[in-house]
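Please read the numbered points with the sequence and the model at hand.

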Amino acid sequence: MHWFYTPYPHTILFLAYSWGFPIILHVDNHSVRIAAREKHKQKEWGTKVNSTKQIWQAVLGNLELSLSKASFTTWFKNTAILEQSSGKVVIGVPNAFTKEWLMNKFHQAILRAIRAVNPEIKQIEYQITGGYNRRAAEPPPRIVSLPASPEHTPTVKSSSLSTGLNPKYTFLNFIVGGNNELAVAAAQGVTKNPGRAYNPLFIYGGVGLGKTHLLQAIGNDFLNSGVAKQVLYVTTEKFTNEFIQAVRYNKGETFKNLYRGVDVLLIDDVQFLAGKEQTQEEFFHTFNALHQINKQIVLSSDRLPKEIPAIEERLVSRFEWGMIADVQPPDFETRLAILRSKAKERGYDVGPGVLEYIAQTVETNIRELEGSLNRLMVFCQLNNTSPTLDKVKNILANIVFPPKKRMASAKKIMEVVADFYNVTIDDLVKQSRKKEYVLPRQVAMYIIRKELETSLPMIGEIFGGRDHTTVIHAIDKVQRVGKEKEALKHEISLITNRIYMD
Ligand code: ADP
Ligand code: MG
């Protein structure tokens, strides 16, 4: 089953696949408010966004927020708007396979995202271009704000249009508990006193615990209060891509103007700076330029600055200059409060005890918590049944949880571990005893054993034909160290979370 969130407030689009055909269920209980907001957006865009390329970039920007990185790259790479006329757009796609997927899986989400930019559009057609159409899509339509051709060079002003913010993330719908109160207080402190309270604010914690939500809430708060005008939210991945494009197309100045001209810079997932030396260098200068003139910087990461591998010391020290606040997994009461708020927001009607049961059962993270509730509701709606407690127990056990576990594989685990420690899969497998490979290798073996219960000789086989006693030793080592060192335990739980993320 696949789940997609549209990037619009209070609107959820579910596509259920397990029944062999797509069923689209659309819950939208605040459409009036959204319509008003979109009309306003349209007014703004109407005057400033004119090229189809800019429209498509805005649409991709929206879609990117709601999809996993893998889905987004797979399905939206090499797409572009080919034509736009009287209520219709033609989207160019590289092949028939992509066309089918976009039509079946993402059509509604694309239509909504396009209509947010231009409500006149009523119809979308997909056309196979066989590779991307160079004329219509130069540069390749990844989300980049620095175009290849000089005639489309955006001014700093026009790029400020794209704040990267999704209005659905606010402080109002962020539940505060013991697990995140420090981070929330710091985030609100920043909105009241930008550039002065804590600069930078560095928020860290595991997957799905609300970091992106908080960064976005800070940005939205600034936009609404008007305290800061130029607000920019960007993922580290996007920053990196834009930087690479800027270098490639000789647009360094435009890049600098864009990032050094903001009042507030919100950068998500800075752990992805690991190993990217040139981007780190550029980021260092961006950071300094903004910090010197008291512009607010907020960063998020899945771990503490000094735990990010292959990152320059001078960046670590800057990340530690201001305030470091963590978000932890929520306790039962907070999980329940979050579920209540989500159920209310979406108008879900559930029987007594149901939310309590979910809150008890799903302990990992909030994305998972929300996902379980959504999956349950869709299942009930599609099967015309109401979510009472006994049904919920059954459905959660049989429908919601098992597919997750099956998704792990030794390959996936090795990929995530390698990515986490910034080494390659080859480094894990090869016969090297270098310190930087030994720990990741041992951790990967440990997780494979724990999650998949793979036999010891088989694990040895996977890791380049090692003897099973070596595997025993490795797993033992991780267990022993893990008992003493909180940091390693924390790393393993981060990695495990990420393995099951999408
Ligand atoms: P992260 O960036 O840490 O991986 P996200 O910010 O994407 O996590 O959060 C995952 C989901 O959980 C989002 O839908 C977010 O709105 C929701 N969420 C996280 N924390 C809270 C909270 N305290 N209250 C309400 N919703 C939350
Ligand atoms: Mg995030």
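1. Helix H7 covers residues 211–225, 15 residues in all, and spans 21 Å from its first C-alpha to its last, close to the 21 Å expected at 1.5 Å a residue. Helices here are DSSP runs of H or I with at least four residues, numbered from the N terminus, and the expected span is 1.5 Å times one less than the number of residues. After H7 comes Gly226, whose phi is positive, near 80 degrees.

2. The model is predicted: local features need pLDDT of at least 70, side-chain atom pairs count only at pLDDT 80 or more, and totals for chains, interfaces and linings use all residues. Residues are numbered from 1 along each chain as its sequence is written, chains are lettered from A and ligands numbered from 1 in the order in which they are written, and side-chain values use heavy atoms, with hydrogens and water left out.

3. Among the buried residues of H7 are Lys211, His213, Leu214, Leu215 and Phe222. Buried means under 20% relative accessible area (1.4 Å probe, protein chains only).

4. Ligand 1 has 18 residues around it, and Ile175, Gly208, Thr212, His213 and Glu370 come nearest; a residue is counted if one of its heavy atoms lies within 4 Å. H7, helix H12 (332–346) and helix H14 (366–382) each supply at least two residues of this shell.

5. Rings of Phe, Tyr and Trp (its six-membered ring) pair if their centres lie within 6.5 Å; planes under 30 degrees apart count as stacked, over 60 as edge-to-face and the rest as tilted. Phe239 and Phe283 are edge-to-face, at 5.4 Å centre to centre and 90 degrees between the planes. This pair links distant parts of the chain, 44 residues apart: Phe239 is in helix H8 (residues 236–248) and Phe283 in helix H10 (residues 277–292).

6. Phe239 is buried, with a relative accessible area of 1%, and Phe283 is buried at 2%. The rings of Phe287 and Phe319 have centres 6.5 Å apart and planes at 55 degrees, so that pair is tilted.

Notes:
Buried means under 20% relative accessible area, exposed over 50%, partly exposed in between (1.4 Å probe, protein chains only).
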